[in-house]
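Please look through this structure with an eye on its side chains. The report below covers aromatic rings and charged pairs.

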Amino acid sequence: DMPFHFYYNGGDMFLERSFLVKKYLFFILILILTLSAFACNTTPQTEGVFRMKEFDKAYITFVFDDGRMPFTKECYDLFLTYEMPICCAVIACKVQKDTELFSVLKDVEKTGGEVLSHTFNHNAFDKNSTVSDFEFQLKDSYEHLTKLGFKINGVIEAGSGGAEKEANYEAMEPVTKKYYKYSNAYGVSEQYNKFRTWFMWNTLDSVKSIIDKAIQEKEWIVFSAHSFDEISKEDMIEVLEYIKSKSEADIDVVTWNFIYENFGEFV
């Protein structure tokens with residue numbers, strides 16, 4: 001059968017209706033393809049090389065690891081007094097077992113702080129870790145904390161006395177990227193690798209010097225601790241007072257997610 005037929009009527013040649021329909025459908029298809037090609041050439045890419053834009057002032061992020069109690073609650077209460085947010089990197093398998101910790105973490109989120117994953121059970125990666133190990137620790141921790149109602153965007157590395165530094169971070173990053181927007185160590189790009197400054201290795205004076213340098217050079221600094229054994233509560237208060245003494249135009253205490261959302265970009 002012919003796809004369409006011609007017939008003669010009153011001296012004019014007409015196309016059958018089926019041919020007209022096909023003609024218009026073909027025209028619409030060409031129009032859609034043209035618009036799609038134009039959109040592909042003009043729409044900004046959502047993926048690419050990640051980098052941080054220049055900061056407009058100094059930013060400080062405090063990350064407290066493991067979810068140890070009562071340390072986590074004491075930090076939350078202290079920072080709440082100063083109206084400053086904290087980030088808590090928690091071991092997923094322990095959160096549901098500790099009802100008090102769970103309650104504190106909920107309050108952390110409600111008052112502008114952030115909960116981050118700290119792997120599922122804190123078994124650190126090493127040179128023998130495989131993609132299956134990465135999937136377990138990173139995927140299960142994300143899913144577990146999300147099911148508990150937390151908004152999880154980032155993951156903080158679980159350490160093991162230095163053995164974790166021999167892990168394959170290039171192979172790790174694609175797995176990390178499946179579940180997290182950012183990390184401090186689980187990758188090789190700037191999006192997944194950010195140096196943290198530990199209180200345990202710094203005196204109070206050196207911490208103040210780091211803050212001064214951050215203000216002068218408009219840097220983002222991450223301070224971290226596990227407990228008040230690494231920095232006394234009195235010294236922590238002095239750090240917060242020192243930050244508070246500075247102008248808000250020069251320094252601000254923010255969450256990791258604030259930095260990512262306001263200064264992260266793909267190019």
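Phe62, Phe64, Phe71, Phe79, Phe199, Phe223 and Phe228 form one aromatic cluster. The model is a predicted one.

**Aromatic pairs**

Across the whole structure, a search finds 23 aromatic pairs. One of them joins Phe55 and Phe263. This pair is edge-to-face, with 4.9 Å between the centres and 65 degrees between the planes. Phe55 lies in the loop between β3 and β4, while Phe263 belongs to helix α9 (residues 256-263), so the pair ties together parts that are 208 residues apart in sequence. Phe55 is buried, at 15% relative accessible area. Phe263 is buried too, at 9%.

Phe199 and Phe223 make a stacked pair. Phe199 is buried, with 2% relative accessibility. Phe223 is also buried, with a relative accessible area of 0%. Both residues belong to the aromatic cluster named above.

A ring can also meet a charge. The charged end of Lys106 sits over the ring of Phe150, 4.5 Å from the ring centre.

**Salt bridges**

The count of salt bridges comes to twelve.

| Salt bridge | Closest N to O distance |
|---|---|
| Glu265 and Arg51 | 2.7 Å |
| Glu143 and Lys139 | 3.2 Å |

Which parts of the chain does the bridge between Glu265 and Arg51 tie together? Glu265 lies in strand β12 (residues 264-266) and Arg51 in strand β3 (residues 50-52), so the pair ties together parts that are 214 residues apart in sequence. Glu265 is partly exposed, at 22% relative accessibility. Arg51 is partly exposed as well, at 42%.

Are Arg68 and Asp66 buried or partly exposed? Arg68 counts as partly exposed, at 41% relative accessibility. Asp66 counts as buried, at 12%.

Glu143 and Lys139 both lie in helix α5 (residues 131-147). They are four residues apart, about one turn of the helix. Glu143 is partly exposed, with 30% relative accessibility. Lys139 is partly exposed, with a relative accessible area of 27%.

Salt bridges can also share partners. In this way Lys213, Glu217 and Glu219 are joined into one network.

Notes: Residues numbered from 1 in each chain as written. Predicted model: local features only at pLDDT ≥ 70, side-chain atom pairs only at ≥ 80, totals over all residues. Heavy atoms only, no water. Salt bridge = Lys/Arg side-chain N within 4 Å of Asp/Glu carboxyl O. Helix = DSSP H or I, 4+ residues; strand = E, 2+ residues; numbered from the N terminus. Buried < 20%, exposed > 50% of the residue type's maximum accessible area, 1.4 Å probe, protein only. Phe/Tyr/Trp six-rings, centres within 6.5 Å; stacked < 30°, edge-to-face > 60°. Lys NZ or Arg CZ within 6 Å of the ring centre and 35° of its normal.
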